[in-house]
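User: Could you take a close look at one part of this model for me, the main nonpolar core and what surrounds it? I would like the cut-offs spelled out as you go.

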Amino acid sequence: MRIPHTSGRGAFWFVVVASAVAVVLAAALGLVVVNRLAGGDLVLVEGVVGSEKVALFDDELVGERFAELGYEVRVRPRGSRLMAEDVDGADFVSPGSGPASEHVRELHGISTEYRLFSTPMVLLSYQPVVDALEGVDVAGRGGDGTWSFDLAAYLELTRERTRWRDLPGDAVSSSNRNEVLVRTTDPRTSNSAAMHVAALSYLLNGEEVVTPGRVDDDLTGTLARLFLAQGQPPESSQQPFEQFRDLGAGHTPLLWAYESQYVDAMVNGPALARDAVVLYPEPTVYAVHTAVPFTEEGDAVGRLLARDPVLQERAAAHGFRTEGGAHFEDLVAEHGLPVRTRIADVVNTPTYGVLEDLLAGIEDAYGDSGARPPAPDEAARGGGAQ
């Protein structure tokens, strides 16, 4: 506000009145902020989110920012594949991929979607294992010091049923009879496992994204074998990551994961071992996290998550890549993480219908094998990446 030019007694009284008004406004603003931070007069907004985002919504600074903006946001976790059927009472949902978001919008007749942030799929391993994989031309180190993982060369190893003990050196154990396989979450419920299906199906389909139509039985059969050969699926989506972190290469030599999991662990803890390595699959896919609103309140929260600079900065602090800012790049540079800021070899995911057909074939194979049913309730409680 511009202050008008006055002189003498008029100027004196203008300053007095203006100062009084400023004090009143400041006090009022302070009361509003305190009241909101205390939880008063906040609009309650409820969401269903992929559990990889629970830590973000539990972030104290995120809660404070929403309170400043007039909202209290509560979320419950759910696997992205099951999310569309579990929206009772929700103002918004936030799946972890484009196909899952597509399903929610089609099922509920919603056109609005907010793209919040994304994270590429990566592989996590340990340096001795990576050295052994480099010896068979599956892993390679780039000029920037980061590691690549040749997904096509990996598929060749799986066709030959190569075992860990067959690799050069003694990376895992000379007595390890297990096949060289990527460990994943449960494809029957988990979005990250669905992203593994998307990347593998691209290669198995002659380097073409699988399109709508009859899904090739041989392709589905190959995918199913790669999942069933891992053994009994984990009881929650967080379990494979925790086993990789806590039990080491002897238990989980190679894990399919979100890049955000790696960054979040190395920045916010508990940190992975010093010899843990992140590798970038070639090709890889991006897990694009969205918000699909069901109510006006959900629409407001989705818009804020996508556009508010404070909330975007907090998303980056948990390892997600945001648009229109350098938060992620600054974070990995500050912590000296061997992470690629630009990823070139990325392929599109199939449509929801195609991906669902592929996953349904894998699910049928689990049923035929006698594997126990998935535990979606446990996955929902378990936190971690879906």
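Analyst: The largest nonpolar core has 73 residues, and Leu124, Leu133 and Phe149 are those with the most contacts inside it. Helix α7 gives the most to this core, with nine residues. The core lies between domain 1 (15-119 + 287-335) and domain 2 (120-286 + 342-369), because both give residues to it. A second, separate core of 21 residues includes Val49, Phe66, Tyr71 and Ala291.

Now for the terms behind that. A nonpolar core is a set of buried Ala, Val, Leu, Ile, Met, Phe, Trp, Tyr and Cys residues joined through side-chain atoms within 4.5 Å. Buried means under 20% relative accessible area, exposed over 50%, and partly exposed in between (1.4 Å probe, protein chains only). Domain bounds come from an automatic or database domain assignment. Helices (H or I, at least four residues) and strands (E, at least two) are DSSP runs, numbered from the N terminus.

This is a predicted model, in which local features need pLDDT of at least 70 and side-chain atom pairs count only at pLDDT 80 or more, while totals for chains, interfaces and linings use all residues. Residues are numbered from 1 along each chain as its sequence is written, and side-chain values use heavy atoms, with hydrogens and water left out.

Leaving aside neighbours within four places in sequence, phenylalanine 149 is in contact (heavy atoms within 4.5 Å) with Leu123, Leu133, Val138, Tyr154, Leu254, Leu279, Tyr280, Pro281 and Glu282. Serine 148 is found in strand β6 and is buried, with a relative accessible area of 12%. Not counting residues up to four places away, serine 148 touches Val138, Ala139, Gly140, Leu279, Tyr280, Glu282 and Arg340. The side chain of serine 148 also makes a polar contact with the side chain of glutamate 282 at 3.1 Å. Here a polar contact is a pair of N or O atoms within 3.5 Å; within protein, one must be able to donate a hydrogen and the other to accept it, and residues adjacent in sequence count only if both atoms are side-chain atoms.

Next comes helix α6 (residues 151-159), whose buried residues are Leu151, Ala153, Tyr154, Leu155, Leu157 and Thr158. Their cover includes β6 (147-150), α7 (191-204), α8 (217-228) and β8 (276-282). At the start of α6, a side-chain oxygen of aspartate 150 reaches to within 3.1 Å of the backbone nitrogen of alanine 152. Just after α6, arginine 161 takes a positive phi of about 55°.

Glutamate 179 forms a salt bridge with arginine 225, the closest N and O atoms being 3.3 Å apart; the term means a side-chain nitrogen of Lys or Arg within 4 Å of a carboxyl oxygen of Asp or Glu. Glutamate 179 lies in the loop between α6 and α7 and arginine 225 in helix α8, so the pair ties together parts that are 46 residues apart in sequence. Glutamate 179 is buried at 18% relative accessible area, whereas arginine 225 is partly exposed at 22%.

Residues 24 or more positions apart account for 78% of the contacts with a separation of 6 or more.
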